[in-house]
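Please look over the structure shown below with its domains and its chain contacts in mind.

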Amino acid sequence: MRYSLLSLISQALKGNTGWKPVWREAELKPAYDVIIVGGGGHGLATAFYLAKVHGITNVAVLEKGWLGGGNVGRNTTIIRSNYLLPGNTPFYEWSMKLWEGLEQDLNYNAMVSQRGVLNLYHSDAQRDAYARRGNAMRLNGVDAELLDRELVRAMVPYLDFDNARFPIQGGLLQRRGGTVRHDAVAWGYARGADQRGVDLIQNCEVTGIRVEGGRIVGVDTAKGFVRAGKVGLACAGNSSRVAALAGLRLPIESHVLQAFVSEGVKPLVHQVITFGAGHFYISQSDKGGLVFGGDIDGYNSYAWRGNLPTIEDVCESGMALMPMIGRLRLLRSWGGLMDMSMDGSPIIDRTPIEGLYLNAGWCYGGFKATPASGWCFAHTIARNEPHALNAAFRLDRFATGHLIDEKGVGAQPNLH
Amino acid sequence: MRIDCCHCGPRGNEEFVYLGDATLERPPADPAAPLDEEARTRWHDYVYLRDNPAGPHRELWQHVSGCRAWLVVTRDTRTHAILKVESARDVALARAVFGS
């Protein structure tokens, strides 16, 4: 069913009794051209672009839980392309361009809202760093504006500008950044892939990866063995565990990141705002809750929940930025599993096993990358070689020294 | 999460900082040895590759807001349950004497 104003009106007149399920309950076939392991945002986007761009439709997406139940349903919904380094900037900008056309592309309302992302700076050195970042962005055709203190004040007068320790001196603004309704991204890609013939198989954990003579032959699943010409892994958070089924050891640690939402209030925060003196980012959902987050907890975890010291730290950063949120009650907090890579950048590449492809290492920036990640991973799988946009996200870059370390902190995953 | 420091007793995890996997073996740093393919692979694996298990994980923590000692903590990454805490010094000495 194509969604349109007409379909909305006709369904309204029928008392909303005619809506159909958004995707089929597909039966697992014995063999596929391509199997994508992981039915999250990146896996579903990969399946969609495999079908749409490359015409490969004999594809299954295998998901151990339910579609979109992992990090695509657990993030703070921010999209932006304000990256500094050459390997990153064009990739994330392509993602932003895909976000801009996403809803028309999918015929699905993902509530893409380009409300602007404002990164605050609090010192002369930080202003210089942001000016450099903004210049790098503009050289790559990305929008960036360096704002002084008064321009920021006109935009967000309620911040603590005269904070004794971290006075706000200005900010770097990307107006095309913003937020997207995260679940709708998973559902929209799932629907688009399903309509093009992709089988979406839920509750189907992959328990083994079969390799013969250095070539992939298929995967063992909770529903039996499935033969496959190619297999793509898109299961960030659990990449190490799934790749270990094929005997691969990855440059990744799994860490827990917590996110938070306050009780709903009237429209207050009209942009995405980040605090430059700590790690804190905040936006407001359309339901009115303030959605915010900060650092990862900092230790290996598969527990899907974090600890209280991090919650305290995030809330302290929030209070330093906008003291008025101290009167708000925290409604919920939750955790997600992050593939923390050794340089803070992702991996979209072939593996040493012929026919096995890896999409991993998204740290806690995977959501904004969803469209470009799927697009580039589909290209890499279909053509058996990376696209220019993901050519830098190689698995062997740690051996060759071509690291992409935006923060410059080295091989210490909990610091990225 | 509370870590039972061998020197200070149980303390909240905010008193500790985390380094990571305690089972990694640092290749011998012999300046005279050639940096051949095998040595490069060993260093690459040591610096960049991790087992990253879901389950018991031996890892290094430092009690920075306490005794400042390094600890080897065995912790279940699925539940955050702490199974064992040892002094990193004792672990290193045992490894030196008895091998890992």
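In this predicted model, the domain assignment divides chain A into domain 1, made up of 23-79 + 84-93 + 182-251 + 343-415, and domain 2, made up of 113-176 + 253-340. Taken over C-alpha atoms, the centres of domain 1 of chain A and domain 2 of chain A are separated by 28 Å.

**Where the two domains of chain A meet**

- On one side of this boundary, 22 residues of domain 1 of chain A are in contact with 27 residues of domain 2 of chain A.
- On the side of domain 1 of chain A that touches domain 2 of chain A, the elements giving two or more residues are helix H3 (89-100) and helix H8 (239-244) of chain A, and H3(A) provides the largest share, 3 residues.
- Sorted by class, that side of domain 1 of chain A consists of 9 nonpolar, 11 polar and 2 charged residues.

**Where chain B meets chain A**

- Between the chains, 20 residues of chain B are in contact with 21 residues of chain A.
- On the side of chain B that touches chain A, two or more residues each come from strand E3 (17-21), helix H1 (37-48) and strand E4 (56-62) of chain B, with H1(B) giving the most, 3 residues.
- Sorted by class, the side of chain B that touches chain A consists of 6 nonpolar, 9 polar and 5 charged residues.

How values were computed. Residues numbered from 1 in each chain as written. Chains lettered and ligands numbered in written order. Predicted model: local features only at pLDDT ≥ 70, side-chain atom pairs only at ≥ 80, totals over all residues. Domains from an automatic or database assignment. Contact = placed C-beta atoms within 7 Å. Helix = DSSP H or I, 4+ residues; strand = E, 2+ residues; numbered from the N terminus. Nonpolar A, V, L, I, M, F, W, Y, C, P; charged D, E, K, R; others polar.
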